[in-house]
Amino acid sequence: MLSYPSTIPLSSRTLNHLADLIRAHRTQHRSRWRRLDPGRQALLALAHLRNGDTYTRLAAGFAVGVATAWRYVREAITLLTAAAEDLATAMRRIRRLAYAILDGTLIPIDRVADQRPYYSGKHKRHGVNVQVIADPAGRLVWASPALPGSAHALTAARVHGIIDTLASADVMTFADKGYQGARGSVRTPFKRRRFRPKLSRRQKTANRTHARIRARGERAIATLKTWKILTKLRCCPRRATAIVQAILVLHHVEANRYTG
C-alpha cells in the first residue's frame, strides 16, 4: 500500500491538550502498554476529526489495526465530550455579549433503517439538526446536542431550552425567519403574509440591517464545518452529539478562548 505525508491545519496547542487528556486517563486507569503513545493517539484522533480520514486510512498511516484506530478515536472523543460545556455554563459568557446570533445547520448523515425522523424536508436530505450560538463577530460560542433532521429550527431551540435561557438572561438574539414566534429576546425579520400588503420601506430597511447582522452567524457554522468529519457523518446518528461537543472543545482550545 502506498502512503504519503499529510498535514492537519491545527496548532500544537490543540494536540498537546488532547494528549494531556489521554495521558491523564491512562494514568488514572493504570493502562498497560499501548500501540501508540498519547501524542500519537491524539494525532490520530485529530486526523479523523479535522481531515475526515477514515479508519482504514488511519490504520494504514499509523500502522495499527482498523479496530484499534476506531477504539482510539472513540476514546479521545469520550474524553473531550466530558469536558464540553452545557448551555448553562456557556451562558456565563453569552450574557456578557452585546447580542448573540442564533442559527441552525444540518449535518448530513448516511441513510439509516429508521430514516424518516432524520429526513429534512427543507434540505431534501437526511441529517441531524444542530443549533449554533455565535457572538457579534461571528465566532462560535456554543453548539447544541444533535436532534433528528426533521426537527424544525424553532422546535429544536425550544427542546434545548435555548429560547427560554436567552430570554431569562435578557440577551438580545438575532435569528432568521425560521425562529418566528420565539418571542422573548429573539429578534427575527419582518415576514410578508399571504393576502396582506407588502412590507413597508421601514420594514425592508430593518430586514436589511437584520440580515447583515445575522449573516455573521454563518461564519460560526462555517467554522464548525471546517472539521471535515461533519461533511457527512458515516456513523450512527446517535454519535453526532458527542462528535459535535468534542469538536467544540477542540475549537475553543485552538482559538485559545474559554480555556482553563
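**Helices, packing and burial**

Author: In this predicted model, H2 has 14 residues and reaches 19 Å from its first C-alpha to its last, close to the 20 Å expected at 1.5 Å a residue.

Reader: How many residues of H2 are buried?

Author: The count is 10 of its 14 residues, so H2 is mostly covered. Among the buried residues are Pro38, Gln41, Leu44, His48 and Arg50.

Reader: What do the buried residues of H2 pack against?

Author: They pack against H1, helix H3 (55-62), H4 and H10.

Reader: Let us turn to H1, then. What span should its residues have, and what is the distance between its end C-alpha atoms?

Author: H1 has 17 residues, which should span 24 Å at 1.5 Å a residue; the end C-alpha atoms are 24 Å apart, which agrees.

Reader: Which residues of H1 are buried?

Author: The buried residues of H1 are Thr14, Leu18, Ala19, Ile22, His25 and Arg26. Viewed down the axis of H1, they fall within an arc of 125 degrees, so they line one face of the helix.

Reader: Why would residues some places apart in an α-helix point the same way?

Author: An α-helix has 3.6 residues a turn, so residues three or four places apart point the same way.

Reader: Which residues are exposed on the other side of H1?

Author: Ser12, Thr27 and Gln28 are exposed there.

Reader: And what covers the buried residues of H1?

Author: The cover includes helix H2 (38-51), H4 and helix H10 (240-254).

Reader: At what angle do H1 and H4 pack?

Author: Helix H1 (residues 12-28) and helix H4 (residues 66-82) pack at an angle of about 100 degrees, and their axes are 10 Å apart. That angle makes H1 roughly perpendicular to H4.

Reader: Which residues make the contact?

Author: From H1 come Leu18, Leu21, Ile22 and His25, and from H4 come Glu75, Ala76, Leu79 and Leu80. The residues of this contact of H1 with H4 divide into six nonpolar, one polar and one charged.

Reader: What follows H1?

Author: H1 is followed by Arg30, whose phi is positive, near 50 degrees.

Reader: A change of topic: where is Tyr55 found, and what is it in contact with?

Author: Tyr55 is found in helix H3. Leaving aside neighbours within four places in sequence, Tyr55 is in contact with His48, Val66, Ala69, Trp70 and Val73. Its relative accessible area is 26%, so Tyr55 is partly exposed.

Reader: How far apart are Tyr55 and Gln180?

Author: They are 125 residues apart in sequence and 42 Å apart in space, C-alpha to C-alpha.

Reader: What about Ser120: buried or exposed?

Author: Ser120 is buried, because its relative accessible area is 5% and buried means under 20%. Ser120 lies in strand S2 (residues 119-120). Apart from neighbours within four places in sequence, Ser120 is in contact with Leu106, Arg125 and Gly149.

Reader: Finally, the chain overall. How many helices and strands are there, and what does the C-alpha trace span?

Author: The chain has 10 helices and seven strands. Its C-alpha trace spans about 70 × 40 × 30 Å along the principal axes.

Reader: What share of the chain is buried, and what share of contacts joins residues at least 24 apart?

Author: Buried residues make up 45% of the 260 residues. Among contacts between residues at least 6 apart in sequence, 60% join residues at least 24 apart.

Methods: Residues numbered from 1 in each chain as written. Predicted model: local features only at pLDDT ≥ 70, side-chain atom pairs only at ≥ 80, totals over all residues. Heavy atoms only, no water. Helix = DSSP H or I, 4+ residues; strand = E, 2+ residues; numbered from the N terminus. Buried < 20%, exposed > 50% of the residue type's maximum accessible area, 1.4 Å probe, protein only. Contact = heavy atoms within 4.5 Å. Axes fitted to C-alpha atoms, helices over the stretch in contact; angles between N-to-C directions. Parallel < 35°, antiparallel > 145°, perpendicular 65-115°, else oblique. Nonpolar A, V, L, I, M, F, W, Y, C, P; charged D, E, K, R; others polar. Expected span 1.5 Å × (residues − 1). Arc of directions from axis to C-beta.
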